[in-house]
Amino acid sequence: FLEYCHRHKILIGIYPPYSTHTLQPLNVVIFKPLSIAYLKKLGERLFKHKGLVLVKKPNFFFAILGCLGG
């Protein structure tokens, strides 16, 4: 598992037991604005295509990149 992660440049986070509550501010500070931006992009796409949109992994990736300004 560790070799696979290293080979694919996947960072692994290991947290001590009962410490994840300290990470809760990330939900509000980082992930909430990203979620709002993604839903806005998705809404625009649905409106443009009259609700007939299939969201697959590549579409999701580019939508998230657009939200991040990439």
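Predicted model: local features only at pLDDT ≥ 70, side-chain atom pairs only at ≥ 80, totals over all residues.

Visitor: What makes up the secondary structure of the protein chain?

Guide: Three helices and zero strands. Helices are DSSP runs of H or I with at least four residues, strands are runs of E with at least two, and both are numbered from the N terminus. The order is α-α-α.

Visitor: Why is the protein chain called more spread out than a compact globule?

Guide: The radius of gyration is taken over C-alpha atoms, and the globule rule is 2.2 Å times the number of residues to the power 0.38. For 70 residues the rule gives 11 Å; the protein chain has 17 Å, well over that, so it is more spread out than a compact globule. Its C-alpha atoms fill a box of roughly 45 × 30 × 20 Å along the principal axes.

Visitor: How do you know that the length of helix 2 agrees with expectation?

Guide: The expected span is 1.5 Å times one less than the number of residues. Helix 2 has 24 residues, so it should span 34 Å; its end C-alpha atoms are 34 Å apart, which agrees.

Visitor: Where does helix 2 bend?

Guide: At Phe31, by about 45°. That bend is the angle between axes fitted to the seven residues ending there and the seven starting there. Pro33 follows within four residues.

Visitor: Why is Ile30 called partly exposed, and Leu2 exposed?

Guide: Buried means under 20% relative accessible area, exposed over 50%, and partly exposed in between, with a 1.4 Å probe and protein chains only. Ile30, in helix 2, has 45%, so it counts as partly exposed. Leu2, in helix 1, has 61%, so it counts as exposed.

Visitor: How much of the protein chain is buried?

Guide: Buried residues make up 6% of the 70 residues.

Visitor: What makes Lys9 worth a look?

Guide: Lys9 has a positive phi of about 55° although it is not a glycine. Most residues other than glycine have a negative phi. Lys9 sits in the loop between helix 1 (2-7) and helix 2. Its relative accessible area is 76%, so Lys9 is exposed. Lys50, which follows helix 2, also has a positive phi, near 55°.

Technical notes. Residues numbered from 1 in each chain as written. Heavy atoms only, no water.
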